[in-house]
Amino acid sequence: MGMGYRLNKTVVLVGMMGAGKSAVGRVLADILDVPFLDSDAEIEHAANMTIPEIFARDGEPFFREREAQVISRLLVEAPGILSTGGGAYMQEANRAEIHDKGVAVWLDADLDLLWSRVRHRDTRPLLRTPNPRATLSELYRKRVPIYALAELRVRADPSYTLHDMARRVVKVLLNRPDVLEKT
Ligand SMILES: Nc1ncnc2c1ncn2[C@@H]1O[C@H](COP(=O)(O)OP(=O)(O)O)[C@@H](O)[C@H]1O
Ligand SMILES: O=C(O)C1=C[C@@H](OP(=O)(O)O)[C@@H](O)[C@H](O)C1
Ligand SMILES: [Mg+2]
């Protein structure tokens, strides 16, 4: 009797800060009844420090090394949902590993939507600049062509709830039986 899903590969959510990778990932894992992992949360837990503290004390290159290690480790675990930090997919080695062992899904949100979601938060060290809106815009411009390398894409829209977004990801994944099947 078909009631559930079988996930055959880890789904790796990529995209800009504020796209919803962490929040949608959690709901998606719940729907599919699989483990949820967030690379930033794993790094924070291992270091017993917040992301801004790690950036301030050890610098971004150190953070990027930790991030690559954590992603490698999480990709060999049982299939689940892996939400990455927005910069992770920029590294060639991370992309290669994600494509090899999992499937990348780009949560694609417009700059205005991203800004509306990150502007009141102080948890993203890269936006601690004199003009964070301009910084976000510059990152967006540089990164979008790289996110577009992801195998799958789900468009975000201000009218979609977290649950709507997760359902949209499920729909896209069901087009790929090598990734997700109904049971
Ligand atoms: N579809 C959505 N509907 C409502 N709020 C959302 C949605 N997606 C993300 N958010 C909110 O936007 C903020 C940023 O989302 P988050 O998941 O942290 O993004 P990311 O991990 O991609 O940086 C959070 O407060 C989150 O709850
Ligand atoms: O875009 C980036 O380079 C970053 C995004 C953050 O994660 P979210 O995308 O989950 O906000 C976090 O990894 C760090 O602040 C750097
Ligand atoms: Mg996140």
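Colleague: Which helix holds Arg64?
Modeller: This is a predicted model, where local features need pLDDT of at least 70, side-chain atom pairs count only at pLDDT 80 or more, and totals for chains, interfaces and linings use all residues. Residues are numbered from 1 along each chain as its sequence is written, while chains are lettered from A and ligands numbered from 1 in the order in which they are written. Helices are DSSP runs (H or I, at least four residues), numbered from the N terminus. Residues 60-75 make up the helix that holds Arg64, and that is H4.

Colleague: Is Arg64 buried, exposed or partly exposed?
Modeller: A residue is buried if 20 or more other C-beta atoms lie within 10 Å of its own, exposed if 12 or fewer, and partly exposed in between, with C-beta atoms placed from the backbone. Arg64 has 16 other C-beta atoms within 10 Å, so Arg64 is partly exposed.

Colleague: Which residues does Arg143 contact, leaving aside neighbours within four places in sequence?
Modeller: Arg143 sits in helix H7 (residues 132-147). Two residues are in contact if their C-beta atoms, placed from the backbone, lie within 7 Å. With those sequence neighbours left aside, the contacts of Arg143 are Met16 and Met90.

Colleague: Which element gives the most to the shell around ligand 1?
Modeller: The shell has 15 residues, each near the ligand (C-beta atom, placed from the backbone, within 6 Å of it). Helices H1 (21-32) and H8 (162-174) each give two or more residues. The most, four residues, come from H1.
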